[in-house]
Amino acid sequence: MSSVIVSFPNPTGLGLKTHTVKTTPSTPLTEVINQVVTKYALGDPLAFGLRHKKALLDSSLSMRFANLAPGTKLELTPIGKASKGLSQITVALQLENGQRLVERFMSSTSFWGILNLFATQHSSAFEKSPIEQTAEDDSWITPVFQLLNQEVFGFAQLNETTLQSLGITSGNILVRLSFRNSQVAYSDICTQIQEACTNNQILPIEAPQPKPKAVREEKTPLVSTSDTEIKPNLQTGVDTIDRGIQVFKVAETDISLSARLDLPDSHFELSSAELKMAVSGQQARTRQLMEGAPLKTKAMVEKEKKRWLDEHPTTTIRVRLPDTTQLQATFRSIEPISALGQVIRSSLHDSRRPFVLSQAPPYRSLDPDSDDSFYSLGLVPSAQIHLRFTDSQADVPILINSLAASAEALPLPPIPTVSSDKTAPVTADDDPKERLPKVESKVDLEPQGKTKLPKWLKLSK
């Protein structure tokens, strides 16, 4: 066990006096102050503090968190009660059965007052009264509070020890409650217990309510940045968006053979070898991306997310129905996917018909009632989702008549155009060799004109 040396003015007025206090890394500084002040009768411990190298230490810290080494020399100085102040502390009381009770107290509250409040407000959590328990020999069973590697038990300690005296002046604290035989007859201490319960009646402190965040009105731009118009709803505070619902009908000639086949779900399940190959490939790609990649803070991630949402404020979702019809709608990128489920149900001929949503490849199931946003699911700026009904109804119209009548032909993707170049495009009749630049095969080594050859180049006779 280590120790610290505390110096303080001699009560006799002759110089300074020192006292050695044995400590552990978890010993609070308030305990050091209490030992010195109590032993030499210097007054109220709350009116003193500790200085180290002319710096006033926080008495609520322990030796370890105050960064004090063993053998440190400290100075006990008066600071006055006003500077200490009283604050609210959240106490979590853990019972022997593992249940936790939480209340707020002032730092000047004694442990007897804490026990009295918990016994009054949470009487149903205790099998027996935690204050008036007795053993078979009529001895009083004292409550034992365990915190900061020390115990507070017995009537005198419970009534005199406060949270502030243990260095707990702010924040949260976990206290464990157990019981122990005090070897004191309950009849001898009954009167003191009743008086303490009467004098330590305190009211619970309500937790502070968070301040409501001010709603900032965003100015809508005069010119829309996308084809979809977003209008602010002043009543609800939520932006309303034009869904732009469209229905596309795929021609029979455009349907591939794989789309015409009615494959079971087991067809898309991966075997053990395929799953192992997919996992190893994904791990290799992840390792390649992570190697040399800079570490990103939370602020950097939020900045990238904001930039992505600014570039793609909306997303276009196409839902492929079982009859190859595609339902298209537009949503905000931060909207939950449950908005897609509402659009689908309002577009179906039977809105109560059960269905499931999925995306492939790779196959993953999507919950149409989830609160996850399109951005968090990776469905921005566009995505195609498959819909499958879970009932066995057949030859039943899927969409409502108005949407089915407005179905259009699915637009084909644009054909890429060749950029205008000075060289003509290569055709099948052209010979690739003829398009290569011609290189002279013969090199003219004969000197032009009458030039004098160097001696090393002349042939010997």
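View 1. Phe8 is buried, at 1% relative accessibility (buried means under 20% relative accessible area, exposed over 50%, partly exposed in between, with a 1.4 Å probe and protein chains only). The model is predicted, so local features need pLDDT of at least 70 and side-chain atom pairs count only at pLDDT 80 or more, while totals for chains, interfaces and linings use all residues. Residues are numbered from 1 along each chain as its sequence is written, and side-chain values use heavy atoms, with hydrogens and water left out. The count of aromatic pairs comes to 6 (rings of Phe, Tyr and Trp, the last by its six-membered ring, pair if their centres lie within 6.5 Å; planes under 30 degrees apart count as stacked, over 60 as edge-to-face and the rest as tilted). Phe8 and Tyr40 form a tilted pair, 4.9 Å centre to centre with 50 degrees between the planes. Tyr40 is partly exposed, with a relative accessible area of 22%.

**View 2. An aromatic cluster.** Trp112, Trp140 and Phe155 form one aromatic cluster.

**View 3. Arginines over aromatic rings.** Arg353 lies over the face of Phe389, at 3.9 Å from the ring centre, and Arg318 over the face of Phe248, at 4.9 Å. A charge sits over a ring if NZ of Lys or CZ of Arg is within 6 Å of the ring centre and within 35 degrees of the ring normal.

**View 4. Ser110 and Thr162.** Ser110 is buried, with a relative accessible area of 7%. The C-alpha atoms of Ser110 and Thr162 are separated by 4.0 Å, although the two residues are 52 residues apart along the chain.
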